[in-house]
Structure formats: C-alpha cells, structure tokens
Amino acid sequence: VGHARLGLRPRLVGFALETVGGAELELAARRKLVDKRVDLVVANRAADAFDRDDNQVMLVSHAGVEQLPRATKHEIADRLLDRIAAWCRP
C-alpha cells in the first residue's frame with residue numbers, strides 16, 4: 001500500500017513481529033519502515049506477545065524510536081491510538 005501513496009496521506013502504520021530483540025528488532029523495524037513506505041512501525045518480539053495479556057513494543061518512525069514499557073495489550077493499543085490521533089491535530 002505504501003508504494004502507491006503519492007503524498008503524506010493516508011498515514012500508514014506497519015507491524016513487525018520478530019524473533020529477535022534489541023538492536024536487531026529496531027533494525028528489522030527500520031527496514032520495514034523504508035521498504036513498506038509507512039509512517040510508523042510497531043515492533044515486538046514474538047516471545048513477548050503470544051499467550052500473554054501484556055506486551056512490550058517499540059514504535060519506530062522516521063523521527064526516532066520510542067520503547068514503550070511493558071503494559072497490557074489494551075494499554076498499548078490506547079497509546080498507539082493516541083499517537084495516530086495526534087497526527088490528525090493541526
């Protein structure tokens with residue numbers, strides 16, 4: 001989808017579920033950010049996500065990286081929606 005986008009809209013969010021962590025996870029997310037031409041990648045390790053009520057993710061954008069603290073999946077979804085809502089504000 002990102003390759004078909006001509007301008008800054010629509011804003012696109014990608015997801016990177018990986019088996020690696022740390023710097024390798026960030027590198028994989030940065031690759032997806034560029035390859036998929038998205039605005040934000042939500043990256044996490046599979047081991048941190050499956051069969052759990054909580055998760056730990058990093059948000060990778062062209063502006064930088066934000067490591068979110070471990071939280072419930074609902075709390076992480078709220079943070080992500082807050083980030084997306086901020087794009088809509090003037």
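First thing I wanted to know: where is the place of D51 in the chain? I found D51 in the loop between α2 (46-49) and β3 (54-55). Helices (H or I, at least four residues) and strands (E, at least two) are DSSP runs here, numbered from the N terminus.

**Ground rules.** I'm working on a predicted model, where local features need pLDDT of at least 70 and side-chain atom pairs count only at pLDDT 80 or more, while totals for chains, interfaces and linings use all residues. Residues are numbered from 1 along each chain as its sequence is written, and side-chain values use heavy atoms, with hydrogens and water left out.

I stayed with D51 and checked its backbone: phi is positive, about 60°, although D51 is not a glycine. I noted for context that most residues other than glycine have a negative phi, and most peptide bonds are trans. D51 counts as exposed because its relative accessibility is 86%. My cut-offs are under 20% relative accessible area for buried, over 50% for exposed, and partly exposed in between (1.4 Å probe, protein chains only).

R37 also has a positive phi, near 55°, and is not a glycine either. I located R37 in the loop between α1 and β2. At 41% relative accessibility, R37 counts as partly exposed.

**Overall layout.** I counted three helices and six strands in the chain. Read from the N terminus, the order is β-α-β-α-β-β-β-β-α. Of the 90 residues in the chain, 33% are buried. The chain exposes about 6,000 Å², and carbon and sulfur atoms supply 56% of that; the areas come from the Shrake-Rupley method with a 1.4 Å probe, and for residues only the protein chains shown count as cover. I also looked at contacts (heavy atoms within 4.5 Å). Among those with a separation of 6 or more, 46% join residues 24 or more positions apart.

**Cores.** Which residues make up the largest nonpolar core? I listed 10: L12, A16, L25, A29, L33, V38, V41, A43, M58 and V60. α1 (22-35), β2 (40-45) and β4 (58-61) each supply at least two residues of this core. α1 gives the largest share, three residues. A second, separate core has nine residues, including V42, A71, L80 and W87. By nonpolar core I mean a set of buried Ala, Val, Leu, Ile, Met, Phe, Trp, Tyr and Cys residues joined through side-chain atoms within 4.5 Å.

I then followed up on L12, which sits in the segment before β1 (13-18). L12 counts as buried because its relative accessible area is 14%. L12 and L40 are 28 residues apart in sequence, yet I get 6.8 Å between their C-alpha atoms.

**W87.** What sits over the ring of W87? I found the charged end of R11 there, 5.0 Å from the ring centre. The test asks for NZ of Lys or CZ of Arg within 6 Å of the ring centre and within 35 degrees of the ring normal.

**β1 and β2.** I looked at how these strands pair, which takes at least two DSSP bridges between them. β1 and β2 run parallel and are joined by six bridges. L17 stands opposite N44 in β2. Five of the six residues of β2 are buried, so I wrote the strand down as mostly covered, going by the under 20% cut-off.

**A46.** This residue belongs to helix α2. Leaving aside neighbours within four places in sequence, A46 is in contact with L17 and E18. A46 and G21 are 25 residues apart in sequence and 9.5 Å apart, C-alpha to C-alpha.

**N55.** Leaving aside neighbours within four places in sequence, I found N55 in contact with N44, D48, A49, P69, R70, A71, K73 and I76. N55 and H74 are 19 residues apart in sequence, with 9.6 Å from C-alpha to C-alpha.
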